[in-house]
Amino acid sequence: MTTATAAPKGLEGIVAAETEMSFIDGEKGVLEYVGIAIDDLARHSCFEEVVYLLWNLKLPTVTELDAFKAELRGRYALPHGMLERIKRLPKDAEPMHVLRTLVSALGMHDPDPNAIDPKAARHKALNILGHTPTLIAMFDRHRKGEEIVHPDTSLSFAGNFLYMLNGERPTETMERAFDACMILHADHGLNNSTFTARVVISTLSDMYSAMTAAIGALRGPLHGGANEGVMHLLNDIASPKDVPARIEGMLERKEKIMGFGHRVYKAYDPRATYLKTLAKQLAEDTGNSALYEKSSAIEKVMEAKVAAKGIYPNVDFYSATTYHSIGLDLDLFTPMFAMSRVSGWAGHVLEQLADNRLYRPKAAYIGPHGVAYTPIGER
Ligand code: SDX
């Protein structure tokens with residue numbers, strides 16, 4: 001009897017799909033979307049252009065970008081009946097549970113929810129991408145007892161979200177900062193939630209099931225939920241001078257420091273490089289310098305203690321200070337990650353459908369054989 005040789009735990013290092021969207025060099029700390037360095041995109045592009053790039057594998061012309069923006073803006077508004085659904089949700093529900101529930105519910109407002117031909121799948125991907133900011137903002141207004149703010153199609157993806165959330169148009173600085181965050185979180189190879197989406201759609205299930213499953217995976221503290229964990233840690237440390245004792249104590253107790261480490265990056269996450277600069281600037285502009293000072297104090301301790309093991313800040317470490325400085329509530333941080341990553345998840349779903357084979361690995365059986373059945377009276 002040949003026993004299958006088990007892959008490394010967590011499928012570490014195993015190539016389980018091909019993609020043309022994002023490339024990561026974990027040793028060098030490189031991330032490219034369709035060959036373009038993430039730093040160039042964060043500095044010069046916009047989220048809508050990045051989604052177009054990921055889904056079409058080329059940068060758009062002016063006409064193509066204008067047409068895509070119009071297509072996406074046409075999907076800011078929710079299907080009829082969704083707002084009533086939001087208003088019935090418990091106000092103390094966790095936003096990531098709300099998002100998982102509402103994206104799943106979108107399927108019940110789709111006349112043909114199971115269609116996954118390329119045209120239908122892209123149409124549903126665009127719908128979910130356009131609707132997600134509205135779902136999050138409307139739930140937040142509902143839970144706070146504030147008047148619902150309906151989307152404004154004259155605004156960008158980033159601008160419209162901040163407008164619906166706060167009831168006023170964002171400053172150019174805040175819109176630009178948030179847009180950069182959306183660019184940085186859009187896609188990242190075969191991360192856990194993206195793999196989840198591909199596994200689900202590989203059964204030829206539907207877009208809503210794939211997106212809902214991915215949201216569930218992203219919520220975990222080892223993945224997208226880490227940005228909220230970073231904020232809890234920062235809030236729990238009184239001042240930068242308390243950082244060394246706190247972090248060294250956590251490391252001695254083998255506790256994970258949220259926002260650090262990565263299955264692929266063994267160098268500085270290039271997204272963290274950009275977010276660190278953004279966090280510093282925004283923190284200073286908004287009177288949150290103490291947050292940034294605590295963050296850089298944590299980074300200094302971690303550099304001394306664990307950088308040699310390839311543990312560096314990841315995308316979540318400085319996104320926490322950035323999101324807080326933009327004025328977002330802590331429990332909206334992971335929904336922000338999801339709002340952007342819907343674009344990457346959808347792109348991977350489209351790739352999987354274009355060349356599908358059901359995901360079905362094996363498990364190495366390590367239990368007994370030839371066990372007799374004992375009647376219950378004799379147990
Ligand atoms: C994201 O995959 C992606 O691309 C994800 C993502 C994306 O864009 O989709 O980049 C987004 O999820 C970023 C990661 C967010 N998660 C966190 O910040 C949570 C904290 N990080 C860790 O839990 C951890 O680093 C992981 C889960 C991210 C990766 O863990 P691995 O690859 O399974 O590594 P491991 O847990 O086996 O750790 C290896 C060693 C261990 O030490 P030893 O037992 O060998 O002595 O490194 C240590 C770990 O204790 N270690 C940490 C640490 N991360 C790893 N020690 C302290 N703090 C940490 N954060």
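The following legends describe close-up views of a predicted model.

**Figure 1. The two domains of the chain.** The domain assignment divides the chain into domain 1, made of residues 10–222 and 333–354, and domain 2, made of residues 226–326. Between the C-alpha centres of domain 1 and domain 2 the distance is 25 Å. In the contact between them, domain 1 takes part with 33 residues and domain 2 with 28 residues.

**Figure 2. The area buried between domain 1 and domain 2.** The size of an interface is often expressed as the accessible area lost when the parts come together. Here, domain 1 and domain 2 bury about 2,500 Å² between them, and carbon and sulfur atoms give 68% of this area. On the side of domain 1, Met174, Leu184 and Phe333 supply 26% of the area buried against domain 2, which is more than any other three residues supply.

**Figure 3. Polar and charged links across the interface.** Eight residue pairs are in polar contact between domain 1 and domain 2. The rule for salt bridges finds one across this interface. A salt bridge joins the side chains of Glu12 and Arg263, with a distance of 4.0 Å from N to O.

**Figure 4. The side of domain 1 that touches domain 2.** At least two residues of this side come from each of strand S1 (22–25), strand S2 (30–33), helix H1 (38–44), helix H8 (172–184) and helix H16 (333–354). Helix H8 gives the most, with eight residues. Sorted by class, this side of domain 1 has 18 nonpolar, eight polar and seven charged residues.

**Figure 5. Asp179 in helix H8.** Asp179 is a residue of helix H8. Its relative accessible area is 7%, under the 20% limit, and Asp179 therefore counts as buried. Leaving out residues up to four places away in sequence, Asp179 touches Ser45, Cys46, Phe47, Glu48 and Ala158.

**Figure 6. Tyr318 in helix H15.** Tyr318 belongs to helix H15, which covers residues 315–326. Because its relative accessibility is 0%, Tyr318 counts as buried. When neighbours within four places in sequence are set aside, the residues in contact with Tyr318 are Tyr268, Ala272, Leu275, Lys276, Ala279, Tyr292, Ser295, Ser296, Glu299 and Pro313. Ala210 lies 108 residues from Tyr318 in sequence, and the C-alpha atoms of Ala210 and Tyr318 are 29 Å apart in space.

Note on methods. Residues numbered from 1 in each chain as written. Predicted model: local features only at pLDDT ≥ 70, side-chain atom pairs only at ≥ 80, totals over all residues. Heavy atoms only, no water. Domains from an automatic or database assignment. Contact = heavy atoms within 4.5 Å. Buried area = accessible area lost by both parts, 1.4 Å probe. Polar contact = N/O pair within 3.5 Å; in protein donor to acceptor, adjacent residues only side chain to side chain. Helix = DSSP H or I, 4+ residues; strand = E, 2+ residues; numbered from the N terminus. Nonpolar A, V, L, I, M, F, W, Y, C, P; charged D, E, K, R; others polar. Buried < 20%, exposed > 50% of the residue type's maximum accessible area, 1.4 Å probe, protein only.
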